[in-house]
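Reader: I have a model open on my screen and would like to learn how to read it. Can we take it feature by feature?

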Amino acid sequence: MNKLSFDQLSALSDDARLSPRLRMNHNIHSDLSDPVQRLAIAMEPDTYIRPHRHMETWELLTALRGRFIVLTFDDEGVVINRAVLGEEDSVIETPVAGWHAVLSLDTDAVIFEVKQGPYKAFKEEDFAPWSPAADDDNHKVLMRWYREAQVGQRWSGC
């Protein structure tokens, strides 16, 4: 039996706070080639999840601890869906090739992700072309916008 204890979640959050990217994951699956990827991701509020898509898989998310804003976008960067996991919603699924981004609202927050495998590293074309790269300070402005972004709105920094 594979388990993920509350103590493990706390340790994962401790590791995330010390990580330069302010996030850390714990894989439940045993190998990156597994056909279903299952992982807990501790995410601090200042971690940047650049809008991205998975061309070959859906992605299912649920909050294990804390709250998360999840936004989905059309190709031009207009918000088409907004969810607050851990507050308004319990589980969301982003469709194959759906642009999406996640913002942690709380310290020590942990989200659980399930998607089809095997694991594939991101390529530049997997990131929304209208979004700033992680090394571009404009990503901080985009993250502040995530907090208030509503369906039908487009980030003005595009």
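Reader: What volume does the largest pocket have?

Author: The largest pocket has a volume of about 1,200 Å³. That volume is the space filled by probe spheres set on grid points, which are joined across faces, edges and corners. A pocket is an open set of points on a 1 Å grid over the protein atoms alone, where a 1.4 Å probe fits, with protein on both sides within 12 Å along at least five of seven lines; lining residues have an atom within 4 Å of a point. One caution before we go on. This is a predicted model, so local features need pLDDT of at least 70 and side-chain atom pairs count only at pLDDT 80 or more, while totals for chains, interfaces and linings use all residues. Residues are numbered from 1 along each chain as its sequence is written, and side-chain values use heavy atoms, with hydrogens and water left out.

Reader: Which residues lie nearest the centre of the largest pocket?

Author: His-52, His-54, Lys-115, Tyr-119 and Phe-122 do, out of 43 residues in the lining. Strands β1, β2, β3 and β8 each supply at least two lining residues. Helices (H or I, at least four residues) and strands (E, at least two) are DSSP runs, numbered from the N terminus.

Reader: How do I read a sheet, and in what order do the 5 strands stand?

Author: Strands of a sheet pair through backbone hydrogen bonds, either parallel or antiparallel. Here, two strands count as paired if DSSP finds at least two bridges between them. The order is β1-β2-β8-β3-β6, an open sheet with antiparallel pairing. The edge strands, β1 (23–27) and β6 (91–94), each pair on one side only. Neighbouring strands are turned by 25° against each other on average, direction ignored. Angles run from 0 to 180 degrees between N-to-C directions, and the axes are lines fitted to C-alpha atoms, for helices over the stretch in contact.

Reader: How many bridges join β3 to β6?

Author: 4 bridges join them, and the two strands run antiparallel. Leu-61 has Ile-92 as its bridge partner in β6. Glu-59 stands opposite Thr-94 in β6.

Reader: Why does Leu-61 count as buried?

Author: Its relative accessibility is 2%, so Leu-61 counts as buried. Leu-61 lies in strand β3. Beyond four places in sequence, Leu-61 touches residues including Val-70, Leu-85, Ile-92, Val-102 and Ile-111. A contact means heavy atoms within 4.5 Å.

Reader: What does helix α1 pack on?

Author: Helix α1 (residues 6–18) packs on the sheet of β1, touching β1, β2 (36–43), β3 and β8 (109–116). Its direction makes about 145° with that of β1. Ser-13 lies in α1 and counts as buried at 1% relative accessibility. Outside its four-place neighbourhood in sequence, Ser-13 touches Ala-42, Glu-44, Arg-65, Asp-108, Ala-109 and Val-110.

Reader: What is the order of the sheet of 3 strands?

Author: The order is β5-β4-β7, again open and antiparallel. β5 and β7 stand at the edges with a single partner strand each, so one side of each is left without a neighbour in the sheet. The twist averages 15° from one strand to the next. β4 and β5 are joined by 6 bridges, and Leu-71 stands opposite Arg-82 in β5. Helix α2 packs on this sheet, touching β4, β5 and β7, with its direction at about 100° to that of β4.

Reader: How many residues are in the largest nonpolar core?

Author: A nonpolar core is a set of buried Ala, Val, Leu, Ile, Met, Phe, Trp, Tyr and Cys residues joined through side-chain atoms within 4.5 Å. The largest has 18 residues, and Leu-71, Phe-73, Trp-145 and Tyr-146 have the most contacts inside it. β4 (68–73), β5 (79–85), β7 (99–104) and α2 (138–148) each supply at least two of its residues. The largest share, 4 residues, comes from α2. Apart from this core lies another, of 13 residues, among them Leu-39, Val-70, Ile-92 and Val-102.

Methods:
Buried < 20%, exposed > 50% of the residue type's maximum accessible area, 1.4 Å probe, protein only.
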